[in-house]
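Please look over the sequence and the model shown here before reading the report.

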Amino acid sequence: MPSIDLTGKVAVVTGSGRGLGLAYAHALAAHGASVVVNDVDEAVAEAAVKSIAEAGGSAVAEVVPVGTTEAAERLVNRAVEEFGRLDILVTNAGILRDKVLWKMSDDDFDAVITTHLKGTFTCARAAAVRMREQGEGGTLILVGSPAGQRGNFGQTNYSAAKAGIAAFARTWSMELGRANITVNAIVPVAATAMTETIPAFAPYVEALKNGQPFPDFLRKGEGFGTPEDCAALVPFLASEAARSITGQAIGIGGDKVAIWSHPQEIKAAYADGGWTPDTLAEAFPTSVGAELQSVGVPAPKFPEA
Ligand SMILES: NC(=O)c1ccc[n+]([C@@H]2O[C@H](COP(=O)([O-])OP(=O)(O)OC[C@H]3O[C@@H](n4cnc5c(N)ncnc54)[C@H](O)[C@@H]3O)[C@@H](O)[C@H]2O)c1
């Protein structure tokens, strides 16, 4: 079995004061990487650094809201000033501003797009510049979501940002391949502040807080568990064992790891000389229309009582 050793590597994890980001930062530090913890919330960022140090790891905090070029450069510069280099970037910082389309304000839209999509773009660009200068490869781990893969009711801004992030991974894996920089989007599902508010999961999250484990139908069926379950993927993707894995969307949660398909044509039909509205109306239902795709993140399937 390969043993994952990130000694000497340096990571930046955005939004790592709590939730999944905190678990990623801990997992990277536990495998030897030095970590720049980033968050908008200074108290949680400092607490994260302290807890990593107490666990024997090495970390510093950089408190800045990601979403701008300046913030991205601050994070990369901090990694270089503090630890001398940058090898791993995890663009995890995120917020929700859920509303149905007709009620979503420009502010709701801009806040989510800025944090997730522009935050990922600006941080990845700054990291790519640095990693290309170093000339020793690197790892970009972007954070997608089932909502971005499938769409989700009430998440115009978030599903668009997360779908865009999966697209970033595909494009950047091509652009950065020659520099030996891998780029993947991970698609986590875990009990955090973000998912605690989903009514179907709330009783189980509450039970988890009281020390009871998640039932199997959640851990296996729904791929829903703790942030630590998801965190295993991060040191693995940053390691030598994963150098050939790039351009992928990888699901992780509970007991499950999964590869998501990329969007692709699944059925095609042809008309000599091209289609007209009338020939489409006639042929569509029995040709490509027989393969209409489902949308939305499926509701959890609870066992029969
Ligand atoms: N929890 C899940 O099941 C789940 C599912 C799919 C995707 N995700 C994604 O995983 C990531 C982490 O989610 P989580 O559930 O741990 O959320 P969380 O709310 O528990 O933690 C997010 C952290 O990001 C910080 N943050 C917010 N905006 C920031 C900014 N502009 N700059 C820096 N830090 C910022 C917050 O202060 C917080 O500490 C997000 O990108 C989220 O969309 C989570």
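The report below goes from the whole chain to a single residue.

## About the model

This is a predicted model, in which local features need pLDDT of at least 70 and side-chain atom pairs count only at pLDDT 80 or more, while totals for chains, interfaces and linings use all residues. Residues are numbered from 1 along each chain as its sequence is written, and side-chain values use heavy atoms, with hydrogens and water left out.

## The whole chain

The protein chain holds twelve helices and eight strands, where helices (H or I, at least four residues) and strands (E, at least two) are DSSP runs numbered from the N terminus. Its radius of gyration, taken over C-alpha atoms, is 21 Å, close to the 19 Å given for 305 residues by the globule rule, so the chain is as compact as a globular protein of that length; the rule itself is 2.2 Å times the number of residues to the power 0.38.

Of the 305 residues, 46% are buried, which is to say under 20% relative accessible area with a 1.4 Å probe, protein chains only.

## The annotated domain

A UniProt record, from an unreviewed entry, places the feature "domain: Ketoreductase" at residues 9-192, and such annotations may be inferred rather than shown by experiment. Over residues 9-192 the chain is 52% helix and 18% strand, with the end C-alpha atoms 27 Å apart.

D108 lies in helix α4, which covers residues 106-134, and D108 is buried, with a relative accessible area of 10%. Leaving aside neighbours within four places in sequence, D108 is in contact with R97, K99, K103 and N157, contact meaning heavy atoms within 4.5 Å.

Key
Buried < 20%, exposed > 50% of the residue type's maximum accessible area, 1.4 Å probe, protein only.
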